[in-house]
Amino acid sequence: MQCDILTLFPEVFEPYINSGILRRARAKGLLELKLYNLRQYSENKHLQVDDVPYGGGPGMVLKPEPILRAVETIAQGQKSKRVILTTPQGQPFNQQLARELAGEAYLLIICGRYEGVDERVAQQLVTDEISIGDYVLTGGELPALTILDAVTRLIPGVLGNDASAAADSFSEVLLDYPHYTRPAEYKGLQVPEVLLSGNHEQIRRWRRYQALKRTYHRRPELLNELGLSDEDKELLSKIKGEG
Ligand code: 9D3
């Protein structure tokens with residue numbers, strides 16, 4: 001996948017894209033990532049990219065021309081392009097959208113800043129407006145990194161086989177079961193006996209029970225999206241019986 005990011009703060013991406021999975025995906029040639037500084041596309045002698053809002057009010061708005069000029073230059077020759085704008089008004093990002101974007105050959109992410117972006121940018125060239133959740137950030141850079149991280153790990157070949165098996169669409173719907181590692185006792189707290197038993201069928205069932213229990217108590221709405229197996233239904237009625 002090829003991904004271009006247009007931002008006023010390209011430097012904030014560097015440490016993250018040069019570490020961990022993103023670094024590995026780039027080294028393997030599975031992700032071709034380029035950062036572009038929006039300021040370089042200003043034709044204004046002060047390199048101005050923002051201006052006061054029509055109609056008044058607080059803050060500044062990103063002007064349309066530098067963004068349109070940048071996208072024309074950056075994405076020229078891309079056959080099919082998804083042009084994403086990170087904005088609090090966008091559709092909520094989720095795993096389903098991450099999977100969809102991971103199937104694209106080319107993404108361009110425009111990072112919103114200040115009070116927002118002139119609406120004509122969205123009208124002219126944006127295909128997807130995306131928010132990462134209902135909290136107020138200072139700009140679209142962390143959302144762009146979030147999207148990039150979630151999408152990159154879904155590109156075939158980026159994760160090892162074990163990790164990709166664990167990341168299948170089925171296991172992503174439920175909250176995870178509790179994890180433990182050594183020591184078997186820590187400050188008087190014991191690792192659940194079943195995990196030390198070596199009985200893989202019992203362990204599998206315990207984990208499924210725990211995942212369903214956590215999801216039922218913490219994120220019950222997720223259970224509606226899940227096709228429940230007969231075992232799930234049995235485990236859930238046990239969970240509900242426990243109150
Ligand atoms: C407090 C300012 N708000 C006035 C009602 C609007 C506002 C403008 C710009 C709020 C946040 C921002 C900057 N945020 C983003 O550009 C952003 C964002 C976010 O804040 N939360 C979740 N997802 C995203 S994607 C882009």
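Guide: The answer below begins with the chain as a whole, turns to the charged pairs, and ends with some details of the loops.

The model is predicted, and for that reason local features are reported only at pLDDT of at least 70 and side-chain atom pairs only at pLDDT 80 or more, while totals for chains, interfaces and linings use all residues. Residues are numbered from 1 along each chain as its sequence is written, and side-chain values use heavy atoms, with hydrogens and water left out.

The chain contains 10 helices and 10 strands; helices (H or I, at least four residues) and strands (E, at least two) are DSSP runs, numbered from the N terminus. Its radius of gyration is 23 Å, well over the 18 Å that the globule rule gives for 243 residues, so the chain is more spread out than a compact globule. This radius is taken over C-alpha atoms, and the globule rule is 2.2 Å times the number of residues to the power 0.38. Along the principal axes, the C-alpha atoms fill a box of roughly 70 × 45 × 40 Å. The domain assignment gives domain 1 (2-152) and domain 2 (172-242), and the centres of domain 1 and domain 2, taken over C-alpha atoms, are separated by 38 Å. Such domain bounds come from an automatic or database domain assignment.

The charged pairs may now be considered. Side chains of opposite charge can pair when their charged atoms come close. The structure holds 13 salt bridges, a salt bridge being a side-chain nitrogen of Lys or Arg within 4 Å of a carboxyl oxygen of Asp or Glu.

One of them lies within helix α9 (residues 200-218), where Glu201 and Arg204 stand 3 residues apart, about one turn of the helix. The closest N and O atoms of Glu201 and Arg204 are 2.8 Å apart. Glu201 is partly exposed at 47% relative accessibility, and Arg204 is likewise partly exposed, at 38%. In these terms, buried means under 20% relative accessible area, exposed over 50%, and partly exposed in between (1.4 Å probe, protein chains only). Glu201 and Arg204 also belong to a network of salt bridges that links them with Arg205, Glu231 and Glu234.

Another salt bridge joins the side chains of Asp232 and Arg208, with 2.7 Å from N to O. This pair links distant parts of the chain: Asp232 is in helix α10 (residues 230-241) and Arg208 is in helix α9, 24 residues apart. Both Asp232 and Arg208 are buried.

A further salt bridge brings together Arg120 and Asp118, again with 2.7 Å from N to O. Here Arg120 is partly exposed, with a relative accessible area of 44%, whereas Asp118 counts as buried at 16%.

A cis peptide bond, with omega of about 5 degrees, joins Arg182 and Pro183; Pro183 is in the loop between α7 (161-166) and β9 (185-186). Lys187, in the loop between β9 and β10 (189-190), has a positive phi of about 50 degrees although it is not a glycine. Lys187 is exposed, with a relative accessible area of 72%. Tyr114, too, is a residue other than glycine with a positive phi, near 55 degrees, and its place is the loop between β6 (106-111) and β7 (116-117). Tyr114 counts as partly exposed at 36% relative accessibility.

Where does Ala75 lie, in contrast to these residues of the surface? Ala75 is in the loop between α3 (64-74) and β5 (82-92), and it is buried, with a relative accessible area of 2%. Apart from neighbours within four places in sequence, Ala75 is in contact (heavy atoms within 4.5 Å) with Lys81, Tyr106 and Leu108. Ala75 and Tyr106 are 31 residues apart in sequence, and their C-alpha atoms are 8.9 Å apart in space. In the chain as a whole, 74% of the contacts between residues at least 6 apart in sequence join residues at least 24 apart, and buried residues make up 40% of the 243 residues.
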